[in-house]
Amino acid sequence: MYKTKDDKKKKKYYILDMFPYPSGAGLHVGHPKGYIATDVFARMKMMQGYNVLHPMGWDAFGLPAENYAIENKVHPRVATEKNIKVFKNQLLKLGFTYDWGREINTTDPGYYKWTQWIFLQMFKKGLAYESNEPVNWCPSCKTVLSNEDLEDGKCERCGSDIERKPMRQWVLKITDYADRMLEDLEKLPDWEESIKEMQRNWIGRKEGIDINYKIEGLKKELTVFTTRPDTNFGATFIVAAPDSDFVNKTIDLFPNKEEAKKYVEAASHKTELERMSEGRQKTGVFTGLYAINNLTDKKMPIYISDFVLASVGTGVVVGVPGHDLRDFEFAQAMDIEIIRVVVGVDGDTSPITKKEQVQEEDGVMINSGLLDGMNIHDATKRIMDYIEEKGWGEKTVNYKLKDWVFSRQRYWGEPIPIIHCEKCGAVAVPEKDLPVKLPEVKNYEPTGTGESPLANIKDWINTKCPKCGGPGKRETNTMPQWAGSSWYWLRYIDPKNDKALVDEKKEKYWSPVDFYVGGAEHATRHLIYARFWHKFLFDIGVVNYPEPFTRLQHVGLILAEDGRKMSKRWNNVINPDDIVEKYGADSMRVYEMFMGPFSQPCAWSTNGLVGARRFLDKTWDYLFADYMGIFIDDNDRNQWISGKREGSTSHEIEVLLNKTIKKVTEDIESFRFNTAVSQLMILRNSFYDIEEQPILTKSHIELISGKCIKKSDFKKFLILLAPFAPHLAEELWHELGNKESVFKEKWPEYDKKLVKDETINLVVQINGKLRDTILVAADISEKEAREEAMKSEKIKKWLEGKEVVKIIFVKGRLINIVVK
Ligand SMILES: [Zn+2]
Ligand SMILES: [Zn+2]
């Protein structure tokens with residue numbers, strides 16, 4: 001039933017889950033929350049007539065899988081296969097609509113052939129290059145990491161402090177796409193604003209200017225990047241980051257080089273977070289050198305301090321202590337001159353001596369020569385032009401986003417399809433030779449030398465240069481764990497294609513992904529890489545849309561019953577298998593959708609789960625106990641099923657049913673599952689309830705049947721319930737005598753007349769001012785409205801001693817009593 005065909009006559013809907021890493025721990029009950037949501041959504045879309053693609057696969061390369069394998073002394077491939085089996089079994093129990101015929105696995109050579117192919121296209125376009133820059137090295141994972149793999153300056157996987165060391169690396173030029181990734185965020189109205197904001201900050205575009213300063217006594221210049229050149233007349237010092245290029249290359253020329261080297265060494269043991277933490281006492285060391293301020297000819301002492309980061313701009317900043325709080329703190333600590341160049345908010349022009357006087361906001365320039373009297377914005381433009389005219393600097397744009405360090409010195413990843421030749425340099429493996437298969441090794445633990453374990457397999461490494469036929473050596477670095485997930489949504493469209501990454505026509509039909517659901521933690525890693533690769537594939541004509549995901553929704557975490565994150569450490573992990581075993585898959589599905597607003601974190605509650613189960617039990621009982629099992633014998637039951645003996649639906653329930661159809665449809669569409677389930681519960685409770693009517697005499701049967709609901713209406717209820725509780729709904733559907741699956745039914749539509757509110761809050765005004773609201777029938781007449789308004793105690797008070805001159809009545813909205 002869930003096999004997806006490329007039926008081009010039907011409107012398509014592509015809904016995608018972020019595919020999991022099959023870790024050794026298996027899934028806990030929090031993981032499937034997003035999958036349940038997309039499944040409910042997918043089932044509704046199917047019933048609404050869409051051709052739905054809802055696939056699943058495995059992101060199985062990378063450090064988590066490899067570290068697990070090493071810890072448990074098994075080959076990563078064996079461990080991964082085993083883990084996938086566990087994950088798949090867990091998912092199968094929950095009854096998802098996945099088309100398993102489209103299952104993908106990033107470690108399958110048939111899959112990573114295309115990951116390698118994309119890398120080669122980037123290499124050919126100059127977007128993949130080798131570099132020897134200092135990179136993040138995790139001494140525990142024994143590999144290089146990208147900035148995106150760090151959390152607060154530590155290894156995101158193991159929490160170790162990161163070391164910076166220069167190493168040969170493959171790097172992807174993601175910065176070439178920074179502006180487009182930024183601009184195109186505006187074309188994604190169905191992405192949550194918070195995620196877009198995280199991406200904007202991650203890309204961190206800043207317009208400013210690189211200013212070159214002469215260094216006294218040296219032939220060298222140094223370059224700083226600043227976004228506030230307007231304050232440059234107030235610049236009194238220069239600070240370089242301990243790990244900046246400038247310090248690395250010039251340290252031996254520093255008059256105070258011994259002291260400087262000590263400081264640099266000490267700083268290398270601090271994390272970025274430690275260095276940036278606010279309110280920390282500023283430290284630094286004077287290099288003994290001075291730069292000359294072009295504008296004022298003043299000598300500015302050059303310091304090294306760890307509050308400046310090498311990764312921002314050039315890693316060197318110019319200090320303007322009157323107008324930057326951190327510069328002020330540093331100037332105070334080092335006893336450096338402070339000059340005011342912007343008038344204070346309250347007109348203050350006095351020298352800046354206190355922290356409170358530091359003026360980072362808007363204002364008018366003083367003590368700034370040609371800029372005096374201008375506001376800071378005009379001054380910024382003017383001084384940038386001036387500096388460029390004088391040849392002292394160049395306007396530039398800076399990004400926080402850095403090029404993507406794309407190689408890892410580990411075994412469990414896609415081999416980088418490059419052959420090194422002494423004559424020809426780095427040469428692409430010919431496309432016909434893809435995939436470059438990951439060879440078997442005996443020892444797959446990291447070497448720690450900066451070489452991957454692949455470096456030990458001589459007969460694999462030594463090969464021929466594809467260009468000149470001379471001796472060549474294969475690249476031994478592998479790709480990072482993010483590689484395989486940077487394009488996987490395209491492979492589901494055409495998972496078995498051996499000739500192309502994806503067939504052009506199929507891609508045209510299914511792209512883009514209409515809806516993508518996953519963890520918010522991927523806002524800046526996976527989702528940045530994915531957009532970058534997709535844009536590249538767009539540029540080389542593989543895909544026909546520049547953005548991969550039209551709508552994006554993040555999943556709120558499920559916490560443990562004790563309110564903490566589920567973790568082995570706290571011993572509070574709940575396995576979905578146990579829940580399915582004890583309460584049933586549908587109970588778990590209904591509960592996870594009901595437990596709270598979808599995008600918010602929510603603690604697991606066994607009571608809540610029991611409540612979901614009770615709701616399903618009551619639904620079951622309606623058909624088997626309340627309605628049939630107790631009151632009606634087999635003959636009557638058969639008559640009821642065949643529709644010969646129908647209950648009738650009261651007007652009240654009919655209205656409620658139509659309102660429920662409307663609400664459930666809209667709520668699923670906008671991922672408000674909790675209110676959708678609650679509405680279904682209200683509807684179910686409105687049906688006749690045996691517990692409230694204990695008199696079970698034969699003479700009541702007709703009466704009770706009358707309070708029930710028409711079979712056709714009960715069917716509608718079942719259809720609405722089916723996406724949430726597919727097993728139960730299907731079973732009851734068949735009990736009602738249907739031969740086809742409930743999921744082949746059309747999603748019900750509601751009667752517009754019946755969902756209109758029948759009562760309204762009528763606004764009562766006196767002389768146009770709101771004085772009361774009263775609950776009345778929606779179609780109340782003017783005469784009735786007037787009578788009701790006059791009955792109100794509040795209105796009576798206002799009318800006391802007044803004369804009513806006019807009454808204005810707006811049907812369905814308000815009554816205005818004009819008095820004198
Ligand atoms: Zn690590
Ligand atoms: Zn060669």
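Two strands count as paired if DSSP finds at least two bridges between them, and strands themselves are DSSP runs (E, at least two residues) numbered from the N terminus. With that in hand, C138 has T143 in strand 7 as its bridge partner. This is a predicted model, in which local features need pLDDT of at least 70 and side-chain atom pairs count only at pLDDT 80 or more, while totals for chains, interfaces and linings use all residues. Residues are numbered from 1 along each chain as its sequence is written, chains are lettered from A and ligands numbered from 1 in the order in which they are written, and side-chain values use heavy atoms, leaving out hydrogens and water.

- Three strands form an open sheet in the order 7-6-10, and their pairing is antiparallel.
- Strand 7 (143-145) and strand 10 (163-166) each have a single partner strand, so one side of each lacks a neighbour in the sheet.
- From one strand to the next, the twist averages 55 degrees (axes are lines fitted to C-alpha atoms, with angles from 0 to 180 degrees between N-to-C directions).
- Strand 6 (residues 134-138) runs antiparallel to strand 7, and three bridges join them.

- C421 is buried at 8% relative accessible area, whereas C424 is partly exposed at 27% (buried means under 20%, exposed over 50%, partly exposed in between, with a 1.4 Å probe and protein chains only).

Key:
Helix = DSSP H or I, 4+ residues; strand = E, 2+ residues; numbered from the N terminus.
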